[in-house]
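Thanks for coming. I will take a few minutes to walk through one structure, starting with its charged pairs and ending with its sheet.

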Amino acid sequence: MIKLFASDLDGTLFNYLHETDGGILRRLRRAIEAGRHVALASGRCVRRPADLGFADLPIESVGANGAHIVGSGGEVLRHVTIDPAVIEELLTGFPEVCVSCVGRDRTYVRGTREAHAAGYLMPRGLKGIVLRYRMSRSAPTDEERFDCTDADVLAQDVCKLNFRVSDPGERRELEAFVAEHADAVVNASFDGDLFELTDARVDKGEAVAWLARELGLGEDEVAVYGDGGNDLAMLERFDHAYATSNGSDAAKRAAGNVIGSCALHAVPRHMLATVRREGPLR
């Protein structure tokens, strides 16, 4: 019986516009009311699920590709930091790169708000237009601090480094840096230009398994959902693994099971269908 559902967000649990909606929330609530746990398993560091549209749902979050885990009550359960010496070496060696450094309570950006926004890879067409408009209209929050110095960053407990590099030469240099420090950091990115560095011991699969143990569950009681590169370790680890039809070929191979598109709410529909088939836990 499945007792924990863990899902990636973009391209998976979120809809076509990378957000929640009434249909998603309604199905998640029904699953939770039937006694299941629901966890977000994202490259994003989700400290407060409500900030992403999940309202008051009591859900866990496996964020920062597994480096930051938050309980359903908002408490930090685990925060795995990157070796500060490696962070300092990267910041010093690549001084022009706009690096987002995910700390325990917020993200510290070495660069301007504009440079940070330029690092987002926007989809083409109507979806890209909508997302750009939404970003331009969003009010600043205390979640991110910009124009931070290297000293500002190194004073924090950083669990993840995010940055995008489009120059081929600089990208090769950074790939070489990651390879040289493979014992300390790993890059689990969803696309080629983006770097998402965490401690080498961390990945979504390991983190979801850790959360399951904290909840007193076995891995055979977990179902996971994903669509891209940073989901592969999670999809490969669990027997009950599902990729969305809009996901990458690698994700589909890793999962072994393919369900519908995120645009059609395939993941929350599958969760609720599983609950209905197995029955309530309480």
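Which side chain meets that of Arg-110 in a salt bridge? The side chain of Asp-150 does, at 3.1 Å from N to O. A salt bridge here is a side-chain nitrogen of Lys or Arg within 4 Å of a carboxyl oxygen of Asp or Glu.

Before going on, the ground rules. This is a predicted model, in which local features need pLDDT of at least 70, side-chain atom pairs count only at pLDDT 80 or more, and totals for chains, interfaces and linings use all residues. Residues are numbered from 1 along each chain as its sequence is written, and side-chain values use heavy atoms, with hydrogens and water left out.

Back to the pair. Helices (H or I, at least four residues) and strands (E, at least two) are DSSP runs, numbered from the N terminus. Arg-110 is buried at 9% relative accessible area, while Asp-150 is partly exposed at 27%. Buried means under 20% relative accessible area, exposed over 50%, and partly exposed in between, with a 1.4 Å probe and protein chains only.

By the salt-bridge rule, the count comes to 14. One of them joins Glu-196 and Lys-160 at 2.9 Å, N to O. Glu-196 sits in strand S11 (residues 194-199) and Lys-160 in strand S9 (residues 160-164), 36 residues apart. Glu-196 is buried at 4%, and Lys-160 is buried at 1%.

Another joins Arg-48 and Glu-143, at 3.5 Å from N to O. Arg-48 is in the loop between S2 and S3, and Glu-143 is in the loop between helix H5 (125-137) and strand S8 (144-145), 95 residues apart. Arg-48 is partly exposed, at 42%.

Now the sheet. Eight strands form an open sheet with mixed pairing, in the order S5-S4-S3-S2-S1-S12-S13-S14. Two strands pair if DSSP finds at least two bridges between them. The edge strands, S5 (76-79) and S14 (258-259), each pair on one side only. S4 (residues 68-70) runs antiparallel to S5, joined by three bridges. In that pairing, Val-70 stands opposite Val-76 in S5.

That is the outline: 14 salt bridges and an open sheet of eight strands.
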